[in-house]
Amino acid sequence: MKKIAFIVLSAIAFAAVGCKENGLVPEEEKPVLVETVTLDKTIADGYTLTEEKTLDISEMVSVTPKEATDLDRIYSSSDEAVAVISEEGVITAVKEGSSVISITVGSRGKKAEFTLTVEKNIIAVESIKFDDEIKDGIELIIGDKKDIGPLVSVLPENATNKGVSFSSDKEEIASITPEGEIEAKAIGEATITVTADGDKTGSIKVTVLPVPVTEITSIKFNETSVEYELEKTTGAIDLMSMLEITPADQTEGIVFTSSDEETVSVDESGKMTVKKLGKDVTVTVAAKDHSEISAELKVSAYKFASQDLPRHKGDGTLEPSDEREYLMTMTCSLEKLPAIGGRNNSLHAMLDDKPIIKRVGAGSDAAETNGTAFCFNQMKSTWEESAATSFTIDMKEAKTVDYFRVMNISTDRDDCQVRICGFDKIEGSNDGENFEEIARDFGFENCTALGTTNADGRPEYNLETENIQFPKTLEYRYLRFSFWTQKYFVRRVVGGTQGGSAQIAEFYLGNSKTKIYAE
């Protein structure tokens, strides 16, 4: 609280003291008390100051009666964060808002007050300032962005409203965000205007230049060939992820082509679509302006299917009389293969695709064109594994195999069904000497009756089994099949007696997961 004390004349004070010492106060020397406090009309109904301004109200306060001598004053502000007042009655405006200013006079606390309103000190913007970096204009390349927001300011620095807005006279060439980020869109010039405080403006020129061409010096695929399983390739394949282009920041651009668009197509962005089965479709990528700088990728699309391994050149196309060049060979544990029951017998009988057209008598050496079969006599019931008869197929190199199939010799007389239904043991090897056991006591179903009869009135059977799966997928060069019991010799239909020999017209090996590249 602030207080002003008005000094009474020293002579009067001295006299008063003297009187008091005598216990008497003259009537004319008693203090005259304040009855009312009045404010000058300039402040009585309120007053407004701008921030940081001052107002001296010490001469704007009057009291009644005029001859009052009890004139001590106390000045106060209800909100000193808005305005403060000194002991001498000088008000200082601090910040925007309002405060009640009170003046209390005399010992009886007579008071007057008014509302002081403090207004913000508005400092107008005089001009727009651009940093040296951009004041003479800027150049951008198509696609570039430039944030000029931090590079623009207003003067004076203490201007009240420092906010600015941005605009471009050619948005199609250079656009600008409300925050001041320019984006170069097309070749040309545009003017960027900055506006502040409603009417103060400044501008700079933006020149947009074309992207400089950086030529490609080399292109390379990270693989020379790729394969895709058609059924599982349902989306586009990004060839860009397979490319190495030098320099990495090239701007020349590249062009994709396919040697077979119906099988493999590529769009301009390098998204490749595999449409159907195909082998070694050439996809080429070349520098846009230098086609001699290029790379090629061989693309194949496959599906998995069961397929027999070829046993001789021309397999499936040769006539019985044609010569064969064998891709597989066979050996047998029997030193000599006899002709059994009129069947020609040889070590390539199961691999030659030569069906028996007509059986000839026992011991005949009929022409091979009349067909061949691999035959050997029935095992004795007392034989042990040590006495096994076996045949071994050499595929010339290790191959993936997961099934085999057996075909009987003919429909003639009692040769109307497959004459074996299993092997006592199956083994594999890659050196032809050290064999690993694959399966033991391996039986399979015999061919079923067709429900028809032949010319002799006997039931007819399928002459060929289904594909019989090995217990696992094999990776061997040699496969050996052994017999030493009777249980895998099929009973003949005629009379229901046990067959006297094992007979195999054709023996097939294959892979059910063979990649097929064409329908």
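**Figure 1. Overview of the predicted model.** Two helices and 37 strands make up the secondary structure of the protein. The coordinates are those of a predicted model. Of the 519 residues, 39% are buried. Among contacts with a separation of 6 or more, 67% are between residues 24 or more positions apart.

**Figure 2. The four-stranded open sheet β2-β9-β8-β5.** The strands of this open sheet follow the order β2-β9-β8-β5, and the pairing is mixed. Its edge strands, β2 (47-50) and β5 (73-77), each pair on one side only. On average, neighbouring strands of this sheet are turned by 25° against each other, direction ignored. Strands β8 (residues 97-105) and β9 (residues 110-119) run antiparallel and are joined by nine bridges. Opposite Thr104 stands Lys111 in β9.

**Figure 3. The three-stranded open sheet β3-β7-β6.** Here the order is β3-β7-β6 and the pairing is antiparallel. β3 (54-56) and β6 (83-85) each have a single partner strand, so one side of each lacks a neighbour in the sheet. Three bridges pair β3 with strand β7 (residues 90-93) in the antiparallel sense. Val90 in β7 is the bridge partner of Asp56.

**Figure 4. The salt bridge between Arg108 and Glu35.** The whole structure contains 23 salt bridges. In the one formed by Arg108 and Glu35, the closest N and O atoms are 3.1 Å apart. Arg108 belongs to the loop between β8 and β9, and Glu35 to the loop between α1 (10-22) and β1 (36-39), so the pair ties together parts that are 73 residues apart in sequence. Arg108 is partly exposed at a relative accessible area of 42%, and Glu35 is also partly exposed, at 40%.

**Figure 5. The salt bridge between Lys146 and Glu133.** The closest N and O atoms of Lys146 and Glu133 are 2.5 Å apart. Lys146 lies in strand β12 and Glu133 in the loop between β10 (127-130) and β11, 13 residues apart. Lys146 has 23% relative accessibility and counts as partly exposed, whereas Glu133 is exposed, with a relative accessible area of 51%, because exposed means over 50%.

**Figure 6. The salt bridge between Lys313 and Glu325.** For Lys313 and Glu325, the closest N and O atoms are separated by 3.3 Å. Lys313 and Glu325 are twelve residues apart, in the loop between β27 (294-308) and β28 (329-332). Lys313 is partly exposed at 46% relative accessibility, and Glu325 is partly exposed with a relative accessible area of 48%. Elsewhere, salt bridges with shared partners join Glu385, Lys425, Glu427, Glu437, Arg440 and Arg480 into one network.

**Figure 7. A nonpolar surface patch that includes Ile142.** Ile142, Ile187 and Val211 form this patch, and their accessible area together is about 240 Å². Ile142 is found in the loop between β11 (138-141) and β12 (145-147). At 31% relative accessibility, Ile142 is partly exposed.

Figure 8. Asn408 sits in the loop between β30 (389-407) and β31 (422-429). With a relative accessible area of 0%, Asn408 is buried. Its C-alpha atom is 10.0 Å from that of Met350, and Asn408 and Met350 are 58 residues apart along the chain.

Definitions and conventions:
Residues are numbered from 1 along each chain as its sequence is written. This is a predicted model: local features need pLDDT of at least 70, side-chain atom pairs count only at pLDDT 80 or more; totals for chains, interfaces and linings use all residues. Side-chain values use heavy atoms; hydrogens and water are left out. Buried means under 20% relative accessible area, exposed over 50%, partly exposed in between (1.4 Å probe, protein chains only). Two strands pair if DSSP finds at least two bridges between them. Axes are lines fitted to C-alpha atoms, for helices over the stretch in contact, and angles run from 0 to 180 degrees between N-to-C directions. Contact means heavy atoms within 4.5 Å. Patches are made of residues with over 30% relative accessible area and no salt bridge: like charges are joined within 9 Å, nonpolar side chains (Val, Leu, Ile, Met, Phe, Trp, Tyr) within 5 Å. Accessible areas come from the Shrake-Rupley method with a 1.4 Å probe; for residues, only the protein chains shown count as cover. A salt bridge is a side-chain nitrogen of Lys or Arg within 4 Å of a carboxyl oxygen of Asp or Glu.
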